[in-house]
2 protein chains.
Amino acid sequence: MAEHTHHTNTEQAILEAAEREFLAKGFEGARTTSIARAAGVTHAMLHYYFRTKEKIFERILDEKMRLIGESVLTAFGQPGLPLPERLRQGIENHFDLLAAQADLPRFVVTEVFSHPERCEVMRRRIRRILDRLLVDLQRELDEAAARGEADPVDALTLLLDIISLNVFSILAYPLLAPLVGDPEGGRDRFFAMRKAENVAAIRKRILKIPER
Amino acid sequence: MAEHTHHTNTEQAILEAAEREFLAKGFEGARTTSIARAAGVTHAMLHYYFRTKEKIFERILDEKMRLIGESVLTAFGQPGLPLPERLRQGIENHFDLLAAQADLPRFVVTEVFSHPERCEVMRRRIRRILDRLLVDLQRELDEAAARGEADPVDALTLLLDIISLNVFSILAYPLLAPLVGDPEGGRDRFFAMRKAENVAAIRKRILKIPER
DNA sequence: TTTTGTGTTAACAATTCTGTTAAATAATTT
DNA sequence: AAATTATTTAACAGAATTGTTAACACAAAA
């Protein structure tokens with residue numbers, strides 16, 4: 001039998017089990033009894049610490065929404081490098097952050113994108129982050145364009161391109177992996193390929209069109 | 001009251017209601033009673049025509065998986081055009097097909113990506129479609145590269161780039177729309193912008209790097 | 001007209017799931 | 001130590017959900 005007494009932190013155990021359950025099955029699919037079992041506590045404990053299933057879910061969802069937003073900021077918010085290098089690093093960081101939590105994008109899609117009210121919450125977070133990022137990035141893009149080193153591009157557009165490429169790569173991995181590479185090289189190989197491609201695609205996106 | 005007798009096609013009514021319910025709420029979230037109510041039939045009729053909730057769901061899911069795969073094929077499977085034009089048309093067709101069924105990508109993500117066995121089914125469909133497409137497309141890409149009109153690119157890689165950009169645009173629309181354009185121009189404006197950007201990005205992806 | 005088979009209804013059975021409660025146990029304070 | 005507070009348990013209540021069944025209606029065939 002597992003330790004059943006004196007969880008110095010029952011609350012934490014519940015949260016961790018809940019995170020796994022909700023990420024794997026979504027809100028509707030998750031079962032509170034299953035969470036309790038996985039946490040090694042009685043079913044009633046869930047209602048003692050958090051009143052309802054919804055309350056537990058909100059804790060998890062909030063944390064994950066924060067993480068998704070944060071990943072964009074920490075990936076791209078490093079000024080001081082030359083533009084191509086900054087972009088390359090940003091894309092790779094962003095990709096790696098997502099790859100480290102590969103079930104996160106699917107969770108956000110299923111739980112946020114379909115619920116307008118949750119979209120609103122997420123949107124406010126994103127807005128704050130973009131406000132910090134875009135001005136800066138746009139300036140760099142404009143400067144590079146002025147120097148004739150790059151085509152003029154809208155910063156938000158470019159960022160959406162990056163996020164599209166990265167998120168879809170992670171999201172669709174279970175579907176795509178066997179299509180692209182060897183079956184046993186697997187995950188790492190696939191991720192390496194897609195990461196490189198996403199960098200290459202964005203590099204070219206800002207490339208100055210050669211005059212004839 | 002609605003017509004309650006002699007539905008010449010009760011089965012169809014159930015399927016249509018089920019499609020709406022499953023697409024909106026997913027398998028776990030969907031309620032058979034809710035489907036019955038929406039179809040205007042008794043709850044027991046669902047079990048008369050289809051034995052279980054699962055059976056109804058499979059019907060819908062199969063149809064939708066087919067549609068997603070088909071959209072790629074019908075969009076890109078039109079040879080005989082010059083490469084850049086063929087790509088532009090392919091991307092736009094694919095985008096439009098998805099936009100016409102905007103809740104489809106989310107449905108596939110929630111219901112397929114998280115279930116390995118469903119992934120396997122979907123993968124076989126995709127494989128068949130790609131086999132028909134890729135050889136042809138790769139040849140065109142190679143020819144263009146040989147003529148010095150384009151950089152050499154792997155066809156599957158390019159196709160994944162396109163699908164990433166298009167799918168994410170549709171998928172994340174509820175989240176992104178207010179971030180990008182005016183609030184009232186809304187959906188059409190957002191879609192038009194993203195579609196144009198995706199074409200532009202892929203165009204540049206195959207662009208030949210200018211020699212200095 | 002009787003029979004037969006399909007479609008339909010209403011009520012119900014069985015399960016599952018969330019949330020509650022009262023009592024027991026441990027920890028903390030006084 | 002006594003009292004108070006916090007945590008845990010076990011049993012249960014209530015609701016919702018899927019699936020079943022027996023009776024019924026109606027059409028077409030025999």
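Of the 212 residues of chain A, 50% count as buried. Here buried means under 20% relative accessible area, exposed means over 50%, and partly exposed lies in between, with a 1.4 Å probe and protein chains only. The model is predicted, so local features need pLDDT of at least 70 and side-chain atom pairs count only at pLDDT 80 or more, while totals for chains, interfaces and linings use all residues. Residues are numbered from 1 along each chain as its sequence is written, chains are lettered from A and ligands numbered from 1 in the order in which they are written, and side-chain values use heavy atoms, with hydrogens and water left out.

## Chain A as a whole

Chain A has ten helices and zero strands. Helices (H or I, at least four residues) and strands (E, at least two) are DSSP runs, numbered from the N terminus. Along the principal axes, the C-alpha atoms of chain A fill a box of roughly 75 × 40 × 30 Å. Among contacts in chain A with a separation of 6 or more, 67% come from residues 24 or more positions apart. Contact means heavy atoms within 4.5 Å.

## Helices α1 and α4 of chain A

Helix α1 (residues 10–29) and helix α4 (residues 53–76) of chain A pack with their axes 9 Å apart, at an angle of about 85°. This angle makes α1(A) roughly perpendicular to α4(A). Axes are lines fitted to C-alpha atoms, for helices over the stretch in contact, and angles run from 0 to 180 degrees between N-to-C directions. Angles under 35 degrees count as roughly parallel, over 145 as roughly antiparallel, 65 to 115 as roughly perpendicular and the rest as oblique. On the side of α1(A) the contact includes A:L15, A:F22 and A:E28, and on the side of α4(A) it includes A:K53, A:F57 and A:K64. The residues of this contact are eight nonpolar, no polar and seven charged. For this division, Ala, Val, Leu, Ile, Met, Phe, Trp, Tyr, Cys and Pro count as nonpolar, Asp, Glu, Lys and Arg as charged, and the others, Gly among them, as polar.

## Buried parts

Ten of the ten residues of helix α6 (residues 104–113) of chain A are buried, so α6(A) is largely enclosed by the rest of the structure. Among these buried residues are A:F107, A:E111 and A:F113.

A:E140 belongs to helix α7 of chain A. A:E140 has a relative accessible area of 11% and is therefore buried. Leaving out residues up to four places away in sequence, A:E140 touches A:L81, A:L83 and A:R86.

In chain B, helix α9 (residues 173–180) has the buried residues B:L175, B:L176, B:A177 and B:L179. Their cover includes α6, α7 and α8 of chain A, together with α8 and α10 (186–205) of chain B.

The axes of helix α10 (residues 186–205) of chain A and helix α8 (residues 155–171) of chain B come within 11 Å and cross at roughly 75°. The contact is formed by A:R194, A:E197, A:N198 and A:A201 of α10(A) with B:T157, B:L160, B:D161 and B:S164 of α8(B). By type, these residues are two nonpolar, three polar and three charged.

A:D151 sits in the loop between α7 (116–146) and α8 (155–171) of chain A. With 15% relative accessibility, A:D151 counts as buried. Beyond its neighbours within four places in sequence, the contacts of A:D151 include A:A145, A:I206 and B:K204. The side chains of A:D151 and B:K204 make a polar contact at 3.0 Å. A polar contact is a pair of N or O atoms within 3.5 Å; within protein, one must be able to donate a hydrogen and the other to accept it, and residues adjacent in sequence count only if both atoms are side-chain atoms.

## Around DNA strand D

There are 18 residues around DNA strand D, and A:T42, A:M45, A:Y49, B:T32 and B:H43 come nearest. A residue is near a strand if one of its heavy atoms lies within 4 Å of it. Sugar and phosphate make up 69% of the atoms of DNA strand D that come within 4 Å of the protein. With four residues, α3(A) gives the most to the surface near DNA strand D. The residues of that surface are six nonpolar, nine polar and three charged.

| Residue | Atom of DNA strand D | Distance |
|---|---|---|
| A:T10 | phosphate oxygen | 2.9 Å |
| A:T42 | phosphate oxygen | 2.3 Å |
| B:H43 | base nitrogen | 2.7 Å |
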